[in-house]
Amino acid sequence: MSIEAYRALLQGEERVSDWLLVDQAMIDTFADATRDHQFIHVDPERARAETPFGGTIAHGFLTLSLLSTLAFDALPGVVGTTMGINYGFDKVRFLNTVRSGARVRGRFRLVGLTERAVSLQSAWDASIEIEGAVKPALSAHWITLAILEPPQT
């Protein structure tokens, strides 16, 4: 979208992604990548027997990392963007567990925008909700940076 249309998103309506399945294969792959093989994530039988979750749950950091793919689904790109970068988080709270087999989706609201010659810094109130759950998996204040093509002179 144009920069003018993007500016109009500021303090506007929430944008919502499609649902995404968090299955055991995704959890196991994340466990391998991060070397976090705690049984609550990778051992369904033990997790069912020894935890209140009824089975395995996604890592909190896996859930957080899904913001990128959920945002890609829900948020428009700005014309002239060459790349997007995670700038950081002012706040992240893990509010609910994501059980293996659950579907999640992202909710995003643009709450801040700083424009520079070759970048847009966007601040998002973001959350990841779990299908059928009252409490979201997480809420965050997320800052992203879009690198723009240099202006033509």
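**Figure 1. The largest pocket of the predicted model and the residues that line it.** About 470 Å³ of space lies in the largest pocket, a pocket being, on a 1 Å grid over the protein atoms alone, an open set of points where a 1.4 Å probe fits, with protein on both sides within 12 Å along at least five of seven lines. Grid points are joined across faces, edges and corners, and the volume is the space filled by probe spheres set on the points. Rolling a probe the size of a water molecule over the atoms shows where empty space is left. The lining of the largest pocket, in which each residue has an atom within 4 Å of a point, consists of 19 residues, and those that lie nearest the centre are Ala71, Leu75, Pro76, Gly84 and Thr144. At least two lining residues come from each of helix H5 (60-74), strand S3 (81-94), strand S5 (119-130) and strand S6 (138-148), where helices (H or I, at least four residues) and strands (E, at least two) are DSSP runs numbered from the N terminus. Twelve of the lining residues are nonpolar, seven are polar and none is charged, with Ala, Val, Leu, Ile, Met, Phe, Trp, Tyr, Cys and Pro counted as nonpolar, Asp, Glu, Lys and Arg as charged, and the others, Gly among them, as polar.

**Figure 2. The whole chain, as a setting for the close-up views.** This is a predicted model, in which local features need pLDDT of at least 70 and side-chain atom pairs count only at pLDDT 80 or more, while totals for chains, interfaces and linings use all residues. Residues are numbered from 1 along each chain as its sequence is written, and side-chain values use heavy atoms, with hydrogens and water left out. The protein has five helices and six strands, and from the N terminus on its elements follow the order α-β-β-α-α-α-α-β-β-β-β. The C-alpha trace spans about 65 × 30 × 25 Å along its principal axes. Of the 153 residues, 37% count as buried, where buried means under 20% relative accessible area, exposed over 50%, and partly exposed in between (1.4 Å probe, protein chains only). The accessible surface comes to about 8,700 Å², and 53% of it belongs to carbon and sulfur atoms; these areas come from the Shrake-Rupley method with a 1.4 Å probe, and for residues only the protein chains shown count as cover. Among contacts (heavy atoms within 4.5 Å) between residues at least 6 apart in sequence, 70% join residues at least 24 apart.

**Figure 3. Glu129 and its arginine partners.** Glu129 belongs to strand S5 and counts as buried because its relative accessibility is 18%. Its side chain makes a polar contact with the side chain of Arg105 at 2.2 Å, and another polar contact, of 3.1 Å, joins the side chains of Glu129 and Arg107. A polar contact is a pair of N or O atoms within 3.5 Å; within protein, one must be able to donate a hydrogen and the other to accept it, and residues adjacent in sequence count only if both atoms are side-chain atoms. Not counting residues up to four places away in sequence, Glu129 also touches other residues, including Trp19, Val104 and Pro136.

**Figure 4. Thr63 and His59, two buried residues.** Thr63 sits in helix H5 and is buried, because its relative accessibility is 6%. Leaving aside residues up to four places away in sequence, Thr63 touches Ala58, Val98, Ile128, Ala137 and Leu138. His59 is found in the loop between helix H4 (44-50) and H5, and it counts as buried because its relative accessible area is 3%.

Figure 5. Most residues other than glycine have a negative phi.
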